[in-house]
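The following report describes the strand arrangement of one model, and then a residue that precedes the strands.

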Amino acid sequence: MELRSGTWTVGPADGTLVVRTKREGAAARMGHDLTLTATRWHATVSIDAETPDASTVRATVDSGSLVVTEATGGAIGLSASQKIEVETNIRKKVLHSEKHPEITFASTSVTSDPRAGSVRGDLTLAGKTRPVTLAVRLDDSSGNPTASATTSIVQSEFGMKPYSALLGGLKVRDVVELSVDVTLPRQ
């Protein structure tokens, strides 16, 4: 089936926006690799099948909406109260959500084949804007297009200090992975 042109607005009801962190440091075995899911976000995806370069993506994420959905590794599991503590630290100490309540992305270019190409754009995170490139896959074989996008984000490039504990013996790696998987609603 050929990719269709159209504009879709998507959010948590249509898919997931996930950040994955990894741990490092001398005490890394004490910490956890985390999967954080944004619970409040929306994006507008406009696909131009005839002129893919004219396709666009815009997204806004509530920076205070990241919740821990998975914690792997560590000497012991993460309790419910520890998850809340991690989420609070992310909002207050890493993203500074009170001062920077939104994370935004606006595409600046799309490769000529949006099925398996890239979308470049400006990501604003913690008040700082930097260019990022998303690896994107679109599939329209089922009649409902699905879109997947991934990228790596270096926290320090956005002026963010990766979380650390135990005098720096346990810390989150500077590079975190972002992935978005959505089913575009029927038009």
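## Sheet and helix

Val110 has Val119, in β9, as its bridge partner. Helix α1 (residues 80–94) packs on the sheet and touches β4 (33–38) and β7, contact meaning heavy atoms within 4.5 Å; the direction of α1 makes about 125 degrees with that of β7, where axes are lines fitted to C-alpha atoms, for helices over the stretch in contact, and angles run from 0 to 180 degrees between N-to-C directions. Helices (H or I, at least four residues) and strands (E, at least two) are DSSP runs numbered from the N terminus.

The model is predicted, with pLDDT of at least 70 required for local features and 80 or more for side-chain atom pairs, while totals for chains, interfaces and linings use all residues. Residues are numbered from 1 along each chain as its sequence is written, and side-chain values use heavy atoms, leaving out hydrogens and water.

Strand β8 (residues 102–110) pairs with strand β9 (residues 116–125) in the antiparallel sense over six bridges, pairing being assigned if DSSP finds at least two bridges between two strands. Within this pair, Phe105 stands opposite Leu123 in β9.

β9 also pairs with strand β10 (residues 128–139), in the antiparallel sense over 10 bridges, and here Thr124 stands opposite Thr129 in β10. The hairpin of β9 and β10 has two residues between the strands, and Ala126 takes a positive phi near 55 degrees there.

## Ser5

Ser5 is found in the segment before β1 (6–10). The C-alpha atoms of Ser5 and Ile47 are separated by 5.0 Å, although these residues are 42 apart along the chain.
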